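Q: Please take a close look at one part of this model, the open sheet and what surrounds it. Keep it brisk.
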Amino acid sequence: MDAARLDRGALGPLLTTVLDALAAGVTRRGGPIPAVSPEDLAAEIARAFAPGADPSPELDSGRSTSGSTGPGFSRDPGRDPGRGSGLDSGGGDPDALRRLTEILAYGSADPADPYCAAHLHCPPLPVAVAADLAVSALNPSMDSWDQAPAATALETLLIDELAGLVGYPPGAAGVLTSGGTESNLMGLMLARDHVLGRATGRRVEVTGLPGDGPRPRIFASSVAHFSVQRAAALLGLGEEAVVPVAVGDDLRMDPGALAAELAASAGRGELPMAVVATAGTTDTGAIDPLPECARLAAAYGAWLHVDAAYGGGALLSDRLAPLLDGVNLADSVSLDWHKLGWQPVAAGIFLVRQAETYASLARRAAYLNPADDEDAGYGSLLGLSLRTTRRADAVKIAVTLRTLGRRGLGELVNACHDLALAGAAAVRAHPRLELHTEPVLTAFLFRYLPTDPAAGPAGPAEIDRVNAALRRRLLREGRAVVGRTELPGDGPGRVRLKLTLLNPTTTPEQIERLLETVVEAGQAEEAR
């Protein structure tokens, strides 16, 4: 096969091979995750990856016995679309596609399985997967118009529409990103350049951080995403520039605590550079009080960035959108449609309320976006992204948005929210389970309560041990993928299990059975 040709005749048989191999791998797995130790799985992957590898007996179960090496492949080099001038001479393996796809499917945590509910890891919509295939086949790169003419125009239109969804006025701007971590970095980079630049009269993106003057500070809740500290480190501010703000029992930022921290920082002669409000924490989906955060940030001249990587999906739902009232006041926002948007990774979005705040990121490369080309209408997105080469991830989002519409996507969000409410109710009703807080979006925390009939209820350290161990037992047995986290604070008693529900086809009955599986694993750990 000519590797440069991706016509339908060459791609079709390969897609058949992939789909059949996916099905075979899923069948072999038989659950949400393979019942195998990490070491044994790594060894099996190594065997399958080895040049000229023969499949293991387990992996060979999906192979044809009629002389074919898999659907679409033939042992006859003249008829095999996986063989050709460039592969045979180098010791190529035409069975590698089938073999590695099958073991990938077998060895994956499957977000489409109702018992896979640990992370913000969604089952992608088939229409989005199909659109992503088109992007892979055409391989546009978003760093110049002449590499991605149609995709450049489509991303621009999509950004305008998503800015409207957030509530931004005309004049907003944005770009597709790899996810919330990149988006948070961009928001804080622009905050640094804008606020610190204004305070010092310097272009800090050019001259670097000043050695004198007030120290910049970033304010984020104590349960904000770790990427805030990582961004501060990358921007030369240092992780200690991030001031953790206390949260309430609901794990939302306490606006009184934010006001006190801002006042204390300003009183020390520091520069409140940014406030990061979280709209949907990773653990509980908690949403910080956005209007109060916006008011306090404005009072101190700080940039407001809203990390809505998870909670931004609520904007698709008429029921949940009011939870994000005030997001339109943010200077920048991050969204992730590979969470509550059901897209293949990656599908992050970064938005700014005013396009002119992007000025410090603008870049000119003569071989990509010469000024005379742009003056002639050949616009480039290069100056909107931290990346140069970049996939056309806007395409799958655009296809999904047009195929389902906001209403259709909102129904999926509501279904997952309903599922979380039903799951929380099942936890409350179970004598061996304890709910932490009511769900805000589609996730909730809980724990199993072990009891020693002779000694009475277990202590905090033992409860932590059993909950951590039962989760690993479920992984080892391939029965369920349940999340684990810890509440803020110190000492034992903080370990919690987590269900993050992003599969709208899962039923409440399946969640009840999943919780019973957790209890069974907990009882088994108690008996050890």
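Which residue in strand 6 is the bridge partner of A308?

A: The bridge partner of A308 in strand 6 is L335. First, the ground rules. This is a predicted model, in which local features need pLDDT of at least 70 and side-chain atom pairs count only at pLDDT 80 or more, while totals for chains, interfaces and linings use all residues. Residues are numbered from 1 along each chain as its sequence is written, and side-chain values use heavy atoms, with hydrogens and water left out.

Now the sheet. Strands here are DSSP runs of E with at least two residues; helices are runs of H or I with at least four; both are numbered from the N terminus. Two strands pair if DSSP finds at least two bridges between them. Strand 5 (303–308) and strand 6 (332–336) pair in the parallel sense, over 4 bridges. They belong to an open sheet of 7 strands, in the order 1-7-6-5-4-2-3. The pairing in this sheet is mixed. Strand 1 (173–177) and strand 3 (242–245) stand at the edges. Each has a single partner strand, so one side of each is left without a neighbour in the sheet. From one strand to the next, the twist averages 20°.

Helix 7 (180–200) lies across strand 1, strand 2 (216–221), strand 4 (271–278), strand 5, strand 6 and strand 7 (348–352). Contact means heavy atoms within 4.5 Å. Helix 7 runs at about 155° to strand 4. Axes are lines fitted to C-alpha atoms, for helices over the stretch in contact, and angles run from 0 to 180 degrees between N-to-C directions.

Next, the loops. Most residues other than glycine have a negative phi, and most peptide bonds are trans. The loop between strand 6 and strand 7 holds W342. Phi of W342 is near 60°, a positive value. W342 has 1% relative accessibility, so it counts as buried. Buried means under 20% relative accessible area, exposed over 50%, and partly exposed in between, with a 1.4 Å probe and protein chains only. A346 also lies in the loop between strand 6 and strand 7. The peptide bond from V345 to A346 is cis, with omega near 5°. In the loop between strand 3 and helix 10 (255–267) sits L251. Its phi is positive too, near 65°. L251 is buried, at 8% relative accessible area.

Last, the aromatic rings. A pair of aromatic rings is described by the distance of the centres and the angle of the planes. Rings of Phe, Tyr and Trp (its six-membered ring) pair if their centres lie within 6.5 Å; planes under 30 degrees apart count as stacked, over 60 as edge-to-face and the rest as tilted. By this rule the model has 3 aromatic pairs. In one of them, the rings of W145 and Y378 have centres 4.9 Å apart and planes at 85°, so the pair is edge-to-face. W145 lies in the loop between helix 5 (126–138) and helix 6 (149–166), and Y378 in the loop between helix 12 (371–375) and helix 13 (394–429), so the pair ties together parts that are 233 residues apart in sequence. W145 is partly exposed at 31%, and Y378 is partly exposed at 43%. F444 and F446 form a tilted pair, at 5.9 Å centre to centre and 50° between the planes. Both F444 and F446 are buried.
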